[in-house]
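Please keep the sequence and the structure open beside them as you go.

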Amino acid sequence: MLLAVAAEPHIRVEEIAHRVGITRRATLSILKDLEEAGYIQRLREGRRTTYRVDGDRPFRHPAESDHEVGALLRIFSEAPRYGRTDDDGDR
């Protein structure tokens with residue numbers, strides 16, 4: 001779900017549900033959990049919702065907590081829109 005939101009910040013809940021293969025209700029529940037945990041921000045732009053992923057957040061599991069979510073998301077994206085920026089402007 002984070003991959004879908006990171007790739008398309010303006011994605012609709014129905015499209016996320018379709019891509020992930022779960023119900024709209026389950027999608028809303030997971031989005032709420034991710035927002036409450038600080039992994040995403042939900043922003044209203046008129047009638048649309050935009051999502052912003054916080055790639056600096058660590059994974060929750062203690063064995064992976066020294067890694068940031070953005071590092072995993074960058075593996076699946078050619079042009080990431082989240083996480084930290086190096087001094088030279090690369091992500």
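1. The side chains of Glu15 and Arg19 meet in a salt bridge, with 3.0 Å from N to O, where a salt bridge is a side-chain nitrogen of Lys or Arg within 4 Å of a carboxyl oxygen of Asp or Glu. Glu15 and Arg19 are separated by about one helical turn, because they stand four residues apart in helix α2. Glu15 is partly exposed, with a relative accessible area of 31%, and Arg19 is partly exposed too, at 41%; buried means under 20% relative accessible area, exposed over 50%, and partly exposed in between, with a 1.4 Å probe and protein chains only.

2. Before going further, note that this is a predicted model, in which local features need pLDDT of at least 70 and side-chain atom pairs count only at pLDDT 80 or more, while totals for chains, interfaces and linings use all residues. Residues are numbered from 1 along each chain as its sequence is written, and side-chain values use heavy atoms, with hydrogens and water left out.

3. Which other residue does the side chain of Arg19 meet in a salt bridge at 2.4 Å? The partner is Glu8, again counted from N to O. Arg19 lies in helix α2 and Glu8 in the loop between α1 and α2, so this pair ties together parts that are 11 residues apart in sequence. Glu8 is partly exposed, with a relative accessible area of 33%, and Glu8, Glu15 and Arg19 are linked in a network of salt bridges.

4. The count of salt bridges comes to four, and one of them joins Glu35 to Arg42, the closest N and O atoms being 3.3 Å apart. Glu35 counts as partly exposed at 29% relative accessibility, and Arg42 counts as partly exposed at 45%.

5. For the overall layout, the secondary structure comes to four helices and two strands, which follow the pattern α-α-α-β-β-α when read along the sequence. Here helices (H or I, at least four residues) and strands (E, at least two) are DSSP runs, numbered from the N terminus. Buried residues make up 29% of the 91 residues in the protein. Among the contacts with a separation of 6 or more, 34% come from residues 24 or more positions apart, a contact meaning heavy atoms within 4.5 Å.

6. Where do the buried residues of α2 lie around its axis? These residues are Val13, Ile16 and Ala17. They cover an arc of only 100° around the axis, which puts them on the same side of α2; the arc is that of the directions from the helix axis to the C-beta atoms. What covers the buried residues of α2 includes α1, α3 and β2, and the helix is followed by Gly21, whose phi is positive, near 85°.

7. Helix α3 (residues 24–36) has 13 residues and reaches 18 Å from its first C-alpha to its last, close to the 18 Å expected at 1.5 Å a residue, where the expected span is 1.5 Å times one less than the number of residues. The buried residues of α3 are Thr27, Leu31 and Leu34, and they cover an arc of only 60° around the axis, which puts them on the same side of α3. Their cover includes α1 (2–7), α2 (13–20), β1 (40–45) and β2 (48–53). The face of α3 turned away from its buried side carries the exposed residues Arg25 and Glu36, and Gly38, which follows the helix, has a positive phi near 90°.

8. Leaving aside its neighbours within four places in sequence, Val69 is in contact with Leu2, Tyr39, Gly55, Arg57, Pro58 and Phe59. The C-alpha atoms of Val69 and Val53, 16 residues apart along the chain, are separated by 9.0 Å.

9. Ile75 also lies in helix α4, but Ile75 is exposed, with a relative accessible area of 63%.
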